Amino acid sequence: MESMKQPEFIINPSLRLNTAHIAVAWHQVDCAIIEQEGRYLCASCQYVVDGRTVIIIVADLPKIDIVYSASTDFEDRGIQEWLRVTLRDHITAQAEKVLPERVRYWLDKKGLECGGIVVKRLPKNVLGQCTYDNVIYLPPMLVIFRNDWIDGVILHEMAHFRHKHHRKAFWDYLSLLLGEDSRLKDAKTDISLTPYFPFYCFLMK
């Protein structure tokens, strides 16, 4: 039998995911407390092993609380997949609220109009798309970025309203929207984002 593929990352209490729009907090309690709380929570909020609740996630977005005990096995692949999928789904729900609001903010501020705003998963390494009828597509992953990174992506896509390419005229117009050199900002963002991007992709896949 082939061994199961090891996860790319391990999600455990060392994970720090605290941004303007998502705040993950970890709480260690006794096993008995987790089991007791599990009786009152929906099935999707808890992971159960042999009839016992071993870990709980409760979301009151933007806050996501993860409750575990000293005996919670974070090497367990089932727990890892449940944690990843549950976090992804909560982050997606927050993105569906936050990202359209942020696009509308910049549309109003810049006096522009778009054909629509869609939050959906995009191909890996694609942080935004703008169609020929000016519909902006944004991946849920953006909501865990820093605000200036989010705004940079949104304004990048808005620059495509006027220029459907990445030639000089596009970058000049994006600089006007940003109020700073767009190529330099793009390079700085790439450098800053690179250490986090593989984990973000793993979490949101």
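Predicted model: local features only at pLDDT ≥ 70, side-chain atom pairs only at ≥ 80, totals over all residues.
Let's call a residue buried when its relative accessible area is under 20%, exposed when it is over 50%, and partly exposed in between, using a 1.4 Å probe and protein chains only. Residues are numbered from 1 along each chain as its sequence is written, and side-chain values use heavy atoms, with hydrogens and water left out.

Let's stay with N125 for a moment. N125 sits in the loop between β5 (116-119) and β6 (129-130); helices (H or I, at least four residues) and strands (E, at least two) are DSSP runs, numbered from the N terminus. The phi of N125 is near 75°, a positive value in a residue other than glycine. Most residues other than glycine have a negative phi, and most peptide bonds are trans. Another asparagine, N134, also has a positive phi, of about 65°. N134 is in the loop between β6 and β7 (135-138), and N134 counts as buried because its relative accessibility is 18%. P62 belongs to the loop between β3 and β4 (63-68).

Strand β3 (residues 52-60) is also where you'll find V54. Which residues does V54 touch, leaving out those up to four places away in sequence? They are I34, Y47, V49, Y68, S69, T72 and I79, where contact means heavy atoms within 4.5 Å. V54 and S71 are 17 residues apart in sequence, yet 8.0 Å apart in space, C-alpha to C-alpha.

Now for the helices. Two packed helices are described by the angle between their axes and the distance between the axes. Here, axes are lines fitted to C-alpha atoms, for helices over the stretch in contact, and angles run from 0 to 180 degrees between N-to-C directions. Take α2 (77-110) and α3 (residues 147-159): they pack at about 60°, with their axes 10 Å apart. That makes α2 and α3 oblique to each other, since angles under 35 degrees count as roughly parallel, over 145 as roughly antiparallel, 65 to 115 as roughly perpendicular and the rest as oblique. On the α2 side, L99, R102, V103, W106, L107 and K110 meet I150, D151, I154, L155 and M158 of α3. Sorted by class, this contact has eight nonpolar, no polar and three charged residues; Ala, Val, Leu, Ile, Met, Phe, Trp, Tyr, Cys and Pro count as nonpolar, Asp, Glu, Lys and Arg as charged, and the others, Gly among them, as polar.

Helix α3 has another partner in α4 (residues 168-178): the two axes come within 9 Å and cross at roughly 130°. This pair is oblique because of that angle. G152, L155, H156, M158 and A159 of α3 make the contact with F170, W171, Y173, L174, L177 and L178 of α4. This contact has nine nonpolar, two polar and no charged residues.

What about the rest of α4? Its buried residues are F170, W171, Y173, L174, S175, L177 and L178, and these pack against α2, α3 and α5 (182-193). After α4 comes G179, with a positive phi near 80°.
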